[in-house]
Amino acid sequence: MYGLVLEGGGARGSYHIGAYKAILEEGLEIKGIAGTSIGALNGAMIVQGDYEKCYEIWQDLTYSMIIDANDEEMHRLRQLKLDKEDLLLLSEKMKTVIRDRGFDITPFKDLLNTYIDEDKIRNSKMDFAMVTVNLTDLKPIKIFKEDIPYGEIKNYLLASAYLPAFKKEKIKGKRYIDGAFYDNLPYKLLQSKGYKNFIIVRTYARGITRKIDPKLNTIIIAPSDDIGESFAFEQELAKRNILLGYYDGLRAIRGLKGFKYYINPMGEEYFFNMLKELSEEQISKIGQYIKLPNIPDKRALFEFIIPKTASIMGLRKDYDYEDFALALLERKAEAFEIERFGIYNYEELLEKVKCAPKKGITHTEHGRLSKIIEKVDLSTIFNKEEIILKIGDIILCDV
C-alpha cells in the first residue's frame, strides 16, 4: 500500500487527476493522502470517495469557478486580445481588486461548500493530511484530519489554498496563506505515520519543496511537458493536463521508456546491438552532416557521433543506448506529428515514422549546412534540428 502525495500548484492540479486515474487503473492501493493547496483539495475529494466528481469538475474548469470574474474576459486577457473597451473595463476591475486587496473568491468557497463532505472524509479509512500557514501567529500548520476540530475541514482546505492574490479575509479571526510557502510536497506527514512506500505527484509549482528522502520507496509522477501557470484556470489546458498526467502516470508505474512518447522498454542491449551493426555506408552518410574525426568508423560512431548527437538533443549525462535511440525516434515522430498519447512498442512507432511523409534537407540546404559545419560547432547551428532528424533517418530508418 502507498501514501499519495499531491504537490500544490493551483490550476496545475488538473495533472493530479490524470495521474490518479493511472494509479486506479494499475491497481495500486492508496492508504493515505497528504497534499498542499490544490493537492489538499484534490486529496480531500479522493479520500471522500468522489474522484469521479473531481474529474468532472476539472473537465469543466473555468475562472468563474474560482474567482468572481468573467471567463471570456479572462481568456482574452491571457491571449492579449483586448480592445480599447476591454482595457477600460479591465482597468476599473483592477481598481476594485486593488481596493479590496485581492480577488473575490466567493465562487471558490461555494465550490467547497458544494462538493466537500466533511463526514465522508472523517469516515474514510484513508489517512488525510494537509499543510497551511497561520500568518497571524506566524505558525506553519501540518495537520491530519483527526486533529482538525469538527466542522472546520473546509476552512482548513481553504486556508491551505489561500494564495496571496486572493482577497484578504480571516478564518475564525486568523489570517492564512497557501501551504506552499512552508511545504509544497508534504510527504513527511505520511512518513511520520510510518509510511515507507510513496507515490509522489509533482507539479513543479512555486513553493518550498522538501528534498525527497532517497531511502524511501517512491514512484514519482512528474510532468513531461509544460502544464501551464498556476492561475491558468482554462478548460482546454485542464483537459490536456489530465491526459498528460494519465500517461505520465502509466510511464512511472509501468516503467515505460521515452521522454515525450510512451514506449514499452526493449532493454539497452537491443539498441547497443542495433548501433554496432550500422554499416560503414551509414556512418559515412552521417559524415556528410557532421565533420567526423579521422578515426575508424566504429570508433567515430561510439566516440563522436553518439555522444555529440546526445549532447545536442539535451540528454542527461547518464543516458544509455536505449535513451539515445528513443530520443532520435521521438524527434522523428514529433516532426511527422505522430499522435503522442498512446502506449507504443518500439517497432510500432518506428514503422509509423517510416510510413510518414518524408521530410529532410534538400541538396541546396545540405551544401549550405556543410559549409557552416566546417566553421561552426554543430551545437550552435540554428538548423541543428534538421541535422538530428537526418541522423535519425540514417541510424533508425537506413535512409
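Q: What do buried, partly exposed and exposed mean here?
A: Buried is under 20% relative accessible area, exposed is over 50%, and partly exposed is in between (1.4 Å probe, protein chains only).

Q: And what kind of model is this?
A: This is a predicted model, where local features need pLDDT of at least 70 and side-chain atom pairs count only at pLDDT 80 or more, while totals for chains, interfaces and linings use all residues. Residues are numbered from 1 along each chain as its sequence is written, and side-chain values use heavy atoms, with hydrogens and water left out.

Q: How many residues has the largest nonpolar core?
A: It has 67 residues. Leu4, Ile30, Ile33 and Leu157 have the most contacts inside it. A nonpolar core here is a set of buried Ala, Val, Leu, Ile, Met, Phe, Trp, Tyr and Cys residues joined through side-chain atoms within 4.5 Å.

Q: What does leucine 157 touch?
A: Ala40, Leu41, Ala44, Ile116, Phe128 and Met130, not counting residues up to four places away in sequence. Contact means heavy atoms within 4.5 Å.

Q: Switching to helices. How do H2 and H3 cross?
A: H2 is residues 38-47 and H3 is residues 51-59. Their axes come within 7 Å and cross at roughly 135 degrees. Axes are lines fitted to C-alpha atoms, for helices over the stretch in contact, and angles run from 0 to 180 degrees between N-to-C directions. Helices (H or I, at least four residues) and strands (E, at least two) are DSSP runs, numbered from the N terminus.

Q: What is that orientation of H2 and H3 called?
A: H2 and H3 are oblique to each other. Under 35 degrees is roughly parallel, over 145 roughly antiparallel, 65 to 115 roughly perpendicular, and the rest oblique.

Q: Which residues make the contact?
A: Ile38, Asn42, Met45 and Ile46 of H2, with Tyr51, Lys53, Cys54, Ile57 and Trp58 of H3. By class, that is 7 nonpolar, 1 polar and 1 charged. Ala, Val, Leu, Ile, Met, Phe, Trp, Tyr, Cys and Pro count as nonpolar, Asp, Glu, Lys and Arg as charged, and the others, Gly among them, as polar.

Q: What about H3 and H10?
A: H10 is residues 235-254, and its axis comes within 8 Å of the H3 axis, crossing at roughly 135 degrees. Tyr55, Trp58 and Gln59 in H3 meet Gln235, Ala238, Lys239 and Ile242 in H10. The classes are 4 nonpolar, 2 polar and 1 charged.

Q: New topic. How many salt bridges in the whole structure?
A: 20. A salt bridge is a side-chain nitrogen of Lys or Arg within 4 Å of a carboxyl oxygen of Asp or Glu.

Q: What does arginine 331 pair with?
A: Glutamate 385, with the closest N and O atoms 2.5 Å apart. Arginine 331 is in H14 and glutamate 385 in H17 (residues 384-397), 54 residues apart.

Q: Are those two buried or partly exposed?
A: Arginine 331 counts as buried at 17% relative accessibility. Glutamate 385 counts as partly exposed at 33%.

Q: What does lysine 257 meet?
A: Aspartate 323, at 3.3 Å, N to O. Lysine 257 lies in the loop between H10 and strand E8 (262-263) and aspartate 323 in helix H14 (residues 321-335), so the pair ties together parts that are 66 residues apart in sequence. Aspartate 323 is buried, at 16%.

Q: Which residues are linked in a network?
A: Asp225, Arg240, Lys260, Glu334 and Arg340, through salt bridges.
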